[in-house]
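Student: I would like to go through this structure and ask what stands behind the words used for it. Please set each value against its definition.

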Amino acid sequence: MTTPKPVQPANIAAQEAVDAEPAASLDEAIQGALGRKLRESYDEVVREQVPDKFLKLLDQLKHSETSSKG
Amino acid sequence: MVAPDFEQSLVGAIPHLRAFARSFANDPARADDLVQETLVKAWNSRESFTPGTNFRAWLFTILRNVYFSQHRKLRREVDDPDEQYQNSLAVPPEQYGYLDLADFRTALSALPSDQREALVLVGAEGFSYEEAAEICGCAVGTIKSRVNRARNRLIELLGDPELKGTGHANPQAANSGLVKDTARG
């Protein structure tokens with residue numbers, strides 16, 4: 001009545017290596033990598049040149065106000 | 001009378017508003033529309049800004065309000081295109097653990113929007129949990145739990161073994177490569 005077990009020595013060894021990692025430092029390493037990736041992704045957009053339309057819009061807002069007051 | 005300081009601060013905040021807007025609208029053109037409307041609102045209500053408080057947080061709150069007032073309207077007409085887009089972008093299992101910028105963005109866009117927003121505010125913009133809570137109009141504990149869930153979900157989506165290795169090697173070379181890749185795509 002024995003159930004034959006599939007034997008996968010390589011996979012098991014790899015899995016054990018992963019399991020043996022200290023959980024806290026692994027977690028820190030992952031969080032650190034994620035944080036860097038997040039900032040890299042975000043900063044790439046921040047560093048993009050601001051299209052002229054935004055500055056034109058601000059100019060319009062400023063001038064519409066000056067002319068309505070003057 | 002227009003305070004030159006206000007105008008200068010507003011100009012200086014535009015790059016950050018654009019980046020924050022992208023976390024709401026995947027389409028850059030839509031994100032920029034959102035920023036433009038935010039600038040108009042901010043300009044018109046500049047009297048309500050309290051000097052000495054966090055200007056960027058004030059602007060982000062306005063952007064959020066603009067987005068949600070539009071989004072509610074949109075939702076009634078079509079069936080939430082953003083959510084559909086996000087669902088179509090789940091990282092296939094064979095790519096778990098392979099982390100480049102495009103994959104990261106795909107995983108980020110697959111997060112529930114409230115979690116992504118909290119993660120971006122705290123992790124990318126560097127707001128404190130308290131500031132992020134104020135921007136989102138929720139409790140500090142809610143922000144903390146959203147950030148935690150976002151991190152855990154990202155790890156699930158990306159797979160973790162390769163993440164450990166992304167910090168070393170030559171980050172500058174890697175960055176320039178990624179930037180080029182993104183610009184092409």
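Student: How many helices and how many strands are there in chain A?

Tutor: This is a predicted model, and in it chain A has three helices and zero strands. Along the sequence the pattern of chain A reads α-α-α.

Student: What does the secondary structure of chain B come to?

Tutor: Chain B has nine helices and zero strands. From the N terminus its elements run α-α-α-α-α-α-α-α-α.

Student: What ipTM and pTM does the predictor give the complex?

Tutor: The ipTM is 0.72 and the pTM is 0.71.

Student: What makes B:Val122 a buried residue?

Tutor: The cut-off for buried is 20 or more other C-beta atoms within 10 Å. B:Val122 has 22 within that distance, so B:Val122 counts as buried. B:Val122 lies in helix 6 of chain B. Leaving aside neighbours within four places in sequence, its contacts are B:Phe127, B:Tyr129, B:Ala132, B:Ile143 and B:Val147.

Student: Why is helix 6 of chain B called largely enclosed by the rest of the structure?

Tutor: Because 10 of its 12 residues are buried. Among them are B:Gln115, B:Arg116 and B:Glu117, as well as B:Ala118 and B:Val122. After helix 6 of chain B comes B:Gly126, with a positive phi near 80 degrees.

Student: How much of each chain is buried?

Tutor: In chain B, buried residues make up 31% of the 185 residues. In chain A they make up 9% of the 70 residues.

Student: Which residues have the most contacts inside the largest nonpolar core?

Tutor: That core has 43 residues, and those with the most contacts inside it are B:Leu17, B:Ala21, B:Leu34, B:Leu63, B:Ala118, B:Val122 and B:Ala132. Helix 2 (23–46) of chain A is one of the elements that supply at least two residues of this core, and the others include helix 6 (113–124), helix 7 and helix 8 (140–158) of chain B. The largest share, seven residues, comes from helix 1 of chain B. As for B:Ala118, beyond four places in sequence it touches B:Ala132, B:Ile143, B:Arg146, B:Val147 and B:Ala150.

Student: What makes helix 7 of chain B roughly perpendicular to helix 8 of chain B?

Tutor: The axes of the two helices come within 8 Å and cross at roughly 105 degrees. Angles of 65 to 115 degrees count as roughly perpendicular, so helix 7 of chain B is roughly perpendicular to helix 8 of chain B. On the side of helix 7 of chain B the contact is made by B:Tyr129, B:Glu130, B:Ala132, B:Ala133 and B:Cys136, and on the side of helix 8 of chain B by B:Val140, B:Thr142, B:Ile143 and B:Lys144. By class these residues divide into six nonpolar, one polar and two charged.

Student: How many residues does the contact between the chains take from chain A and from chain B?

Tutor: It takes 27 residues from chain A and 36 residues from chain B. On the side of chain A, helix 2 and helix 3 (52–69) are the elements that give two or more residues, and the largest share, 17 residues, comes from helix 2 of chain A. By class, that side has 15 nonpolar, four polar and eight charged residues.

Definitions and conventions: Residues are numbered from 1 along each chain as its sequence is written. Chains are lettered from A and ligands numbered from 1 in the order in which they are written. This is a predicted model: local features need pLDDT of at least 70, side-chain atom pairs count only at pLDDT 80 or more; totals for chains, interfaces and linings use all residues. A nonpolar core is a set of buried Ala, Val, Leu, Ile, Met, Phe, Trp, Tyr and Cys residues joined through C-beta atoms within 7 Å. Helices (H or I, at least four residues) and strands (E, at least two) are DSSP runs, numbered from the N terminus. Two residues are in contact if their C-beta atoms, placed from the backbone, lie within 7 Å. Ala, Val, Leu, Ile, Met, Phe, Trp, Tyr, Cys and Pro count as nonpolar, Asp, Glu, Lys and Arg as charged, and the others, Gly among them, as polar. Axes are lines fitted to C-alpha atoms, for helices over the stretch in contact, and angles run from 0 to 180 degrees between N-to-C directions. Angles under 35 degrees count as roughly parallel, over 145 as roughly antiparallel, 65 to 115 as roughly perpendicular and the rest as oblique.
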